[in-house]
Amino acid sequence: MPDKRSSVKTSILLQKLLKTNDLDQFLEKNKEAFDRTELAAYFDALCNQQGMTKESVFAQAEIDRSFGYQMLRGVRSISRDNVLRLAIALRLSPEQTDDFLKRTRKASLYARINRDAIIIFALEHQLSLDKVQSELRRNQITILGGGRHEI
């Protein structure tokens, strides 16, 4: 999926931001560098890229269809666990999943956290949600959607 953001690296953008004295001028001058893709449009693009329907992704992610649409419209907030469940259902790579997490303003996966390490492994090996949940249970770690585990 092509990224519509400009090719300005985040580190360069941050340097410019830290040096500016005029926020409005900075925002106007760098407006092409900011990602404005709405969650619903981004999710649609991911589904199309993977050749899947939203309904099949919701089903594989074990997310109620109406709840899933409410998350995409912004009526309900999307949790980190639900982003991860959708990423697993979409068979995203760990890198694509981190992008999805960033776009929803959730913490990236971190290999030093046991739970995240299992999820990274599952994404890399395209394990199903059932297998991910089983592996989390086997390691006595909270399953995805199994409690308040937001970061």
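User: What's the relative accessible area of Glu 135?
Analyst: Glu 135 has a relative accessible area of 27%, so Glu 135 is partly exposed (buried is under 20%, exposed over 50%, partly exposed in between, with a 1.4 Å probe and protein chains only).

User: What kind of model is this?
Analyst: This is a predicted model, where local features need pLDDT of at least 70 and side-chain atom pairs pLDDT 80 or more, while totals for chains, interfaces and linings use all residues. Residues are numbered from 1 along each chain as its sequence is written, and side-chain values use heavy atoms, without hydrogens or water.

User: Back to Glu 135. Which residue does it pair with?
Analyst: Glu 135 forms a salt bridge with Arg 138, and their closest N and O atoms are 2.4 Å apart (a side-chain nitrogen of Lys or Arg within 4 Å of a carboxyl oxygen of Asp or Glu).

User: Where do Arg 138 and Glu 135 sit?
Analyst: Arg 138 and Glu 135 are in helix α9, residues 129–138. They are 3 residues apart there, so about one helical turn separates them. Arg 138 counts as exposed, at 60% relative accessibility.

User: How many salt bridges does the structure hold?
Analyst: The structure holds 6 salt bridges. One of them joins Asp 81 and Arg 115, at 2.9 Å from N to O.

User: Which parts does the pair of Asp 81 and Arg 115 tie together?
Analyst: Asp 81 lies in helix α6 (residues 80–90) and Arg 115 in helix α8 (residues 114–124), so this pair ties together parts that are 34 residues apart in sequence.

User: Buried or exposed, Asp 81 and Arg 115?
Analyst: Asp 81 is buried, at 3% relative accessibility. Arg 115 is also buried, at 2%.

User: What about Glu 28, which residue does it bridge to?
Analyst: Glu 28 forms a salt bridge with Lys 31, the closest N and O atoms being 2.9 Å apart. Glu 28 is partly exposed, with a relative accessible area of 49%, and Lys 31 is partly exposed as well, at 38%.

User: Change of topic. How many helices and strands are there?
Analyst: The chain has 9 helices and 0 strands (DSSP runs numbered from the N terminus: H or I of at least four residues, E of at least two).

User: And the whole chain, what are its spans?
Analyst: The C-alpha trace spans about 55 × 35 × 25 Å along its principal axes. Of the 151 residues in the chain, 33% are buried.

User: How much of the contacts joins residues at least 24 apart?
Analyst: Counting contacts (heavy atoms within 4.5 Å) between residues at least 6 apart in sequence, 56% join residues at least 24 apart.
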